Amino acid sequence: MLVRLTMICNGATAATRRGSFPLDEPLEPRSLTQAKAMRGTLRRADRAWTAPALRARQTAEALSLDASVEPLLADQDHGSWAGKSFEDVQAQQPGDIAAWLTDPNAAPHDGESLADVGRRASELMDRLMAERGHTIALTHASVIRTAIVHVLRAPLAAYWKIDIEPLSITDFRSDGRRWVLRACGVTTPKSAKPLRP
């Protein structure tokens, strides 16, 4: 295997805990503490990337990663739903929520569809396949889920069957021709010993 991609989901925010569509909010203090506890448990990487959102950049900093911003790692743009709870949007726009949950091409008003996120994740992985070495990417559950769907060549409907927890690690490997999913949703226990490079 020539290429390794380790995707780490950003830590939780207050919006995450409330079940709201995210804004560009900071990590909650507990997530910062948990991310700092993971320092030294990650394998050495040739490069580290982060999504542009504050919560992803803060997670990278807490992990002591010198990560450059990669726009393709951005979370799904929820448009006019950003900052609102799922329940409120469902009560006000039940048809739009139903479409979003069943049609990968449906998008929140002024937002991005799941198919759009999938195209971004596929583009990133196709580009990365040509690069040797290990990349750590701090991103969001939406990007990790669509990356898994891409690698498994599953329909986008499978997206809703994948649960990615905050600060979980998903690992992919490639021989330069295809990707394989090596581990999904791995969390580092607090008592874990540092992994060797």
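This is a predicted model: local features need pLDDT of at least 70, side-chain atom pairs count only at pLDDT 80 or more; totals for chains, interfaces and linings use all residues.
Six strands make up an open sheet, and their order across it is S3-S2-S4-S1-S5-S6. The pairing within this sheet is mixed. At its edges lie strand S3 (68-69) and S6, each of which pairs on one side only.

Both kinds of pairing can be followed from strand S1, which covers residues 3-9. With strand S4 (residues 133-139), S1 pairs in the parallel sense, over seven bridges. In this pair Leu5 stands opposite Thr135 of S4. With S5, S1 pairs in the antiparallel sense, over six bridges. Here Met7 has Thr170 of S5 as its bridge partner.

From S5 the sheet continues to strand S6 (residues 179-186). Five bridges join S5 and S6, and the two strands run antiparallel. One of the residues involved is Ile169, whose bridge partner in S6 is Val186. S5 and S6 form a hairpin with four residues between the strands, and in this hairpin Gly176 takes a positive phi near 95°.

How many of the six residues of S5 are buried? Six of the six are, so strand S5 (residues 169-174) is largely enclosed by the rest of the structure. The burial applies to both faces of the strand.

H7 lies across S1, S4, S5 and S6, and runs at about 145° to S1.

H7 also meets another helix. Two packed helices are described by the angle between their axes and the distance between the axes. For helix H6 (residues 114-128) and helix H7 (residues 141-152), the axes come within 8 Å and cross at roughly 70°. An angle from 65 to 115 degrees counts as roughly perpendicular, and H6 and H7 are therefore roughly perpendicular to each other. Their crossing is right-handed.

The contact between these helices can be listed by residue. H6 contributes Leu114, Val117, Gly118, Arg120, Ala121, Ser122, Met125 and Asp126. From H7 come Ser142, Val143, Thr146, Ala147, His150 and Val151. By type, the residues of the contact of H6 with H7 divide into seven nonpolar, five polar and two charged.

Technical notes. Residues are numbered from 1 along each chain as its sequence is written. Side-chain values use heavy atoms; hydrogens and water are left out. Axes are lines fitted to C-alpha atoms, for helices over the stretch in contact, and angles run from 0 to 180 degrees between N-to-C directions. Angles under 35 degrees count as roughly parallel, over 145 as roughly antiparallel, 65 to 115 as roughly perpendicular and the rest as oblique. A crossing is left-handed if the near helix is turned anticlockwise from the far one by less than a right angle, and right-handed if clockwise. Contact means heavy atoms within 4.5 Å. Ala, Val, Leu, Ile, Met, Phe, Trp, Tyr, Cys and Pro count as nonpolar, Asp, Glu, Lys and Arg as charged, and the others, Gly among them, as polar. Buried means under 20% relative accessible area, exposed over 50%, partly exposed in between (1.4 Å probe, protein chains only). Two strands pair if DSSP finds at least two bridges between them.
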